[in-house]
Amino acid sequence: MKARVHVMLKNGVLDPQGEAVRHALGAMGFDGVQGVRQGKVIELDLADGATEADVEQMCEKLLANTVIESYSVELA
């Protein structure tokens with residue numbers, strides 16, 4: 001089984017990488033971009049029997065800094 005974890009900074013947390021991307025896009029002529037939030041995607045190959053609860057524990061303990069980041073889990 002595979003799991004995909006999407007990790008993003010929470011609303012209200014400054015995103016300097018996203019701001020740098022927005023600025024660079026504007027400099028390249030893409031003036032319609034008003035905001036960028038940058039995150040990460042983590043793909044996990046899981047052994048049979050792994051559950052969504054297992055992946056959520058991984059997120060809480062290591063994959064996401066839950067003070068400033070939120071995450072969502074997709075199982076496939």
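Which helix holds both E19 and R22, and how many residues apart are they? Select helix α1, residues 16–27: E19 and R22 both lie there, three residues apart, about one turn of the helix. Helices here are DSSP runs of H or I with at least four residues, strands are runs of E with at least two, and both are numbered from the N terminus.

The model is predicted, so local features need pLDDT of at least 70 and side-chain atom pairs count only at pLDDT 80 or more, while totals for chains, interfaces and linings use all residues. Residues are numbered from 1 along each chain as its sequence is written, and side-chain values use heavy atoms, with hydrogens and water left out.

Stop 1: Show the side chains of E19 and R22. They form a salt bridge at 2.4 Å, N to O (a side-chain nitrogen of Lys or Arg within 4 Å of a carboxyl oxygen of Asp or Glu). E19 is partly exposed at 39% relative accessible area, and R22 is partly exposed at 24% (buried is under 20%, exposed over 50%, partly exposed in between; 1.4 Å probe, protein chains only).

**Stop 2: the sheet.** Select β1 (residues 2–9), then β2 (39–45) and β3 (69–75). The three strands make an open, antiparallel sheet in the order β2-β1-β3; strands count as paired if DSSP finds at least two bridges between them. The edge strands β2 and β3 each pair on one side only. From one strand to the next, the twist averages 20°. Between β1 and β3 there are seven bridges; M8 has S70 in β3 as its bridge partner.

Stop 3: Axes are lines fitted to C-alpha atoms, for helices over the stretch in contact, and angles run from 0 to 180 degrees between N-to-C directions.

Stop 4: A search of the whole structure finds three salt bridges. Select K2 and D45, whose closest N and O atoms are 2.5 Å apart. K2 lies in β1 and D45 in β2, so this pair ties together parts 43 residues apart in sequence. K2 is partly exposed at 46% relative accessibility; D45 is exposed at 62%.

Next select E43 and R4, which meet in a salt bridge at 2.6 Å, N to O. E43 in β2 and R4 in β1 are 39 residues apart. E43 is exposed at 54%, and R4 is partly exposed at 34%.
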